[in-house]
Amino acid sequence: MKQTKYCINDYVLKSKYKEIEYCQEFQQELTFVLPFAYWHHLNGTLGKTISSKYTKELYFFSEQHEEKYNTRVDQLPRDTYEVPNMYHCPTVSFNKWAKVPLKEHYKNKHFVFGKPLLIIANKYNTEWGKGPINFFSVSMLDKILDKYGDKYQVVYNRPGADYIVMDNSEILELREATFIRKYYPEVILAEDLYQENKGRANNYNHFQLMLYANCDHFLSVHGGTAALASYFGGKNIILSKRGHEHRYNEFNSIFPALSGAEIYHAKNDADVLRFLERHY
């Protein structure tokens, strides 16, 4: 209903009038804001986009993009629906939503390996004001790497606070990097790979887009980590133990729509191992 007041601008006049500004949760930006902006780009009505630092490459299609915010707001205002579908709606409307071709745009010849690439996109943050809930533990990583390290070139990605824009979550220390370097030296740590290739990327987000664009196998965890991994087709196993996404069935609706990826929602570690056995 909110969008009806824009019918003349969107479908009749079609001037570049639309300014889209966002500074809140990364997952919501990926699942709803970015596709909304891309729809306006395709429609010829996108004027300007405004977001946080390190987002210019996400909005590659925007002729005017401003990186205005240094942090993300932790509370979502619930009095506006200027962007359709926001705030975990029971149903998703794709009327003003378009799949953003990040994989096609960022696919490259730089991050190519001798074996198929498997990206493990992890996090270890406070969640909902409490301790970490959705993450791959060191013992879980040990099981995964022991079984799949020979079949795939594994790249492990858990960016530190220096590389991303923070919100209300605090990044905690898992100490998995030391473990991986000691017991699985063939596994590439994404931060190491970034440091070796800083000349190829404008920032860490740009690096992630280039790396992910060459991958068809992902393991990710609840939140923006899972949403970003879902943008690049192939298969994505998402560990999500709780969240509104369960209630509104978003892992079967919005997440697959981001790129056509096969999404496998794991509610616990056992599910992750089962999906790996079946699909990887």
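Predicted model: local features only at pLDDT ≥ 70, side-chain atom pairs only at ≥ 80, totals over all residues.
## Basis

Local features need pLDDT of at least 70 and side-chain atom pairs count only at pLDDT 80 or more, while totals for chains, interfaces and linings use all residues. Residues are numbered from 1 along each chain as its sequence is written, and side-chain values use heavy atoms, without hydrogens and water.

## Nonpolar cores

A nonpolar core is a set of buried Ala, Val, Leu, Ile, Met, Phe, Trp, Tyr and Cys residues joined through side-chain atoms within 4.5 Å. Buried means under 20% relative accessible area, exposed over 50%, and partly exposed in between (1.4 Å probe, protein chains only).

The largest core has 54 residues, of which Phe207, Leu211, Tyr212 and Phe232 touch the most other members. Helix H2 (26–43) and helix H7 (204–213) are among the elements that each supply at least two residues; helices here are DSSP runs (H or I, at least four residues), strands likewise (E, at least two), numbered from the N terminus. H2 gives the most, with eight residues. A second, separate core of 29 residues includes Phe136, Tyr148, Leu239 and Phe275.

## Phe136

Phe136 lies in the loop between strand E4 (117–121) and helix H4 (138–148). Phe136 is buried, at 0% relative accessibility. Leaving out residues up to four places away in sequence, its contacts (heavy atoms within 4.5 Å) include Ile120, Leu141, Leu219 and Val272. Leu219 is 83 residues away along the chain, yet the two C-alpha atoms are separated by 9.4 Å.

## Cysteines

Cys23 is buried at 13%, whereas Cys7 is partly exposed at 35%. With a disulfide taken as a pair of cysteine sulfur atoms within 2.5 Å, the count is zero.
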